[in-house]
Amino acid sequence: MKEKCSLDKLPLGVTGIVYRVNCNENIKNRIFDFGIMENSHVIPLFTSPFGDPSAYLVKNAVVALRNNDCKDIIVTPE
């Protein structure tokens, strides 16, 4: 089994399965609204020119997340 890492450390193009979301409740509810929850698949697509935010593919939708929020999302690379 591969090592868990935060979503901001997942390499571009590598699928990650969400293991845990450790954000505060306000941010956690927003992230859940995007479809990012335990056992969902997330793929980092690209980063902005200055590196923050980054775009992720979640359930056939592209969402942008700040690196600060991604540090609290733990994933397992596939």
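Biologist: Which residue of β3 stands opposite Gly16?

Modeller: Val42 in β3 stands opposite Gly16. This is a predicted model, where local features need pLDDT of at least 70, side-chain atom pairs count only at pLDDT 80 or more, and totals for chains, interfaces and linings use all residues. Residues are numbered from 1 along each chain as its sequence is written, and side-chain values use heavy atoms, with hydrogens and water left out.

Biologist: What makes a stretch a strand or a helix?

Modeller: Both are DSSP runs, numbered from the N terminus: helices are H or I with at least four residues, strands are E with at least two. By that rule the protein has two helices and six strands. Their order from the N terminus is β-β-α-β-β-β-α-β.

Biologist: Why is the protein called as compact as a globular protein of its length?

Modeller: Set the value against the rule. The radius of gyration is taken over C-alpha atoms, and the globule rule is 2.2 Å times the number of residues to the power 0.38. For 78 residues the rule gives 12 Å; the protein has 11 Å, which is close, so it is as compact as a globular protein of that length. The C-alpha trace spans about 30 × 30 × 20 Å along its principal axes.

Biologist: What makes β2 and β3 a pair?

Modeller: Two strands pair if DSSP finds at least two bridges between them. Strand β2 (residues 16–21) and β3 are joined by two bridges, and they run antiparallel. Five bridges join β3 (residues 41–47) to β4, again antiparallel. In that pair, Val42 faces Val58 of β4. β4 also pairs with strand β5 (residues 61–65), over five bridges in the antiparallel sense. There, Ser54 stands opposite Leu65 in β5.

Biologist: In what order do the six strands form the sheet?

Modeller: The order is β1-β6-β2-β3-β4-β5, in an open sheet with antiparallel pairing.

Biologist: Why are β1 and β5 called edge strands?

Modeller: β1 (5–6) and β5 each pair on one side only.

Biologist: Why is β4 called largely enclosed?

Modeller: Count its buried residues. Buried means under 20% relative accessible area, exposed means over 50%, and partly exposed lies in between, with a 1.4 Å probe and protein chains only. Four of the five residues of β4 (residues 54–58) are buried, so the rest of the structure largely encloses this strand. Over the whole protein, 37% of the 78 residues count as buried.

Biologist: Why is Ala55 called buried?

Modeller: Its relative accessible area is 7%, so Ala55 is buried. Ala55 belongs to strand β4.

Biologist: Which residues does Ala55 contact beyond its sequence neighbours?

Modeller: Contact means heavy atoms within 4.5 Å. Leaving aside neighbours within four places in sequence, Ala55 is in contact with Ile43, Pro44, Leu45, Phe46, Val62, Val63 and Ala64. Take Leu45: it is 10 residues from Ala55 in sequence, and their C-alpha atoms are 5.5 Å apart.

Biologist: How do you know that Ser54 is buried?

Modeller: Ser54 has a relative accessible area of 7%, so it is buried. This residue is also in β4. Its contacts beyond four places in sequence are Phe46, Thr47, Val63, Ala64, Leu65 and Asn67.

Biologist: What makes backbone geometry stand out, in general?

Modeller: Most residues other than glycine have a negative phi, and most peptide bonds are trans.

Biologist: Where is there a cis peptide bond?

Modeller: The bond joining Asp52 and Pro53 is cis, with omega about 10°. Pro53 sits in the loop between β3 and β4. Those strands form a hairpin with six residues between them, and Gly51 in the turn has a positive phi of about 90°.

Biologist: What is the phi of Lys59?

Modeller: Phi of Lys59 is near 50°, positive in a residue other than glycine. Lys59 belongs to the hairpin of β4 and β5, with two residues between the strands. Asn60, in the loop between β4 and β5, has a positive phi near 65°.

Biologist: Why do Lys59 and Asn60 count as exposed?

Modeller: Lys59 has 58% relative accessibility, so it counts as exposed. Asn60 has 77%, so it also counts as exposed.

Biologist: What share of the contacts with a separation of 6 or more joins residues 24 or more positions apart?

Modeller: Such residues account for 59% of those contacts.
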